[in-house]
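This report walks through selected features of one protein model. The sequence and the structure come next.

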Amino acid sequence: MSALLALPLVARAGDATEQLRATIDGFVAIINSTPVSELVAHGLPESARILVFARFDFSEMARRSLGSHWGALNGGEQGEFVAGLSQRLLASYGRTVRSNNGDNVQFKSEVREGEQVKVTTQVVSGNGDEMPIDYRLHDVDGQWKVFDVVIDHVSLVNNYRAQFERVIGKSSVQELLRKIKNVDS
């Protein structure tokens with residue numbers, strides 16, 4: 001909880017890297033200090049979830065991942081889709097951070113691309129392996145929010161969009177919604 005208190009409540013737009021760094025550092029500290037048995041039994045601690053929800057724009061990620069099919073869902077279904085996708089992403093991110101305990105995140109650059117910003121990072125493992133991770137962010141009310149993560153040159157949004165297209169092509173948007181709501185599928 002102390003990591004949450006150390007974060008500024010309001011940060012200036014323009015320092016996307018510093019906002020992202022505070023979130024990542026806080027999240028990693030929480031996950032690495034939480035016993036694995038607790039993570040398995042209860043999932044991410046609430047303090048970690050709060051950090052991620054404050055920095056990631058899951059609505060935008062879901063909209064972009066679903067692409068042209070977004071409009072096929074009504075408002076309530078869109079909310080269910082965002083919630084289901086958020087849970088999947090949180091579970092995956094938590095497992096990844098925990099399994100990479102001891103890796104070092106290096107913040108390389110911040111580049112403005114119109115109304116968006118790309119923050120380039122590199123994760124260096126204990127044995128020296130390097131993996132590039134780019135975060136794409138946009139300004140939402142003075143806060144830089146992540147709407148895509150590009151891991152080793154693979155966009156999370158584009159990857160999900162391709163998977164979703166396959167499911168929709170074989171069945172329907174409604175079937176995808178059913179699957180996305182079932183986090184264990």
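In the hairpin of β2 and β3, Gly128 takes a positive phi near 95°. Five residues lie between the two strands of this hairpin. The model is a predicted one. The hairpin of β1 and β2 has two residues between the strands, and there Gly114 takes a positive phi near 70°.

| Strands | Sense | Bridges |
|---|---|---|
| β1 (residues 104–113) and β2 | antiparallel | nine bridges |
| β2 and β3 (residues 130–140) | antiparallel | nine bridges |

Individual partners can be named as well: Glu113 is bridged to Gln116 in β2, and Thr121 stands opposite Ile133 in β3. Strand β2 spans residues 116–124, and eight of its nine residues are buried, so the strand is largely enclosed by the rest of the structure.

The largest nonpolar core has 40 residues. Those that touch the most other members are Phe56, Phe58, Leu66, Phe81, Leu85, Tyr135 and Phe164. Helix α2 (residues 16–33) supplies the largest share of this core, six residues. Leaving aside residues up to four places away in sequence, Phe164 touches Ser65, Leu66, Phe81, Leu85, Leu176 and Ile180.

Helix α2 also holds Thr23. Thr23 counts as buried because its relative accessibility is 4%, under the 20% cut-off. Its side chain makes a polar contact with the side chain of Arg55 at 3.0 Å.

In helix α8 (residues 173–181), the buried residues are Val173, Leu176, Leu177 and Ile180. They lie on the same side of α8 because they cover an arc of only 100° around the axis. The N-terminal end of α8 is capped by Ser172, with a side-chain oxygen 3.3 Å from the backbone nitrogen of Gln174.

Notes:
Residues are numbered from 1 along each chain as its sequence is written. This is a predicted model: local features need pLDDT of at least 70, side-chain atom pairs count only at pLDDT 80 or more; totals for chains, interfaces and linings use all residues. Side-chain values use heavy atoms; hydrogens and water are left out. A nonpolar core is a set of buried Ala, Val, Leu, Ile, Met, Phe, Trp, Tyr and Cys residues joined through side-chain atoms within 4.5 Å. Buried means under 20% relative accessible area, exposed over 50%, partly exposed in between (1.4 Å probe, protein chains only). Helices (H or I, at least four residues) and strands (E, at least two) are DSSP runs, numbered from the N terminus. Contact means heavy atoms within 4.5 Å. A polar contact is a pair of N or O atoms within 3.5 Å; within protein, one must be able to donate a hydrogen and the other to accept it, and residues adjacent in sequence count only if both atoms are side-chain atoms. The arc is that of the directions from the helix axis to the C-beta atoms. Two strands pair if DSSP finds at least two bridges between them.
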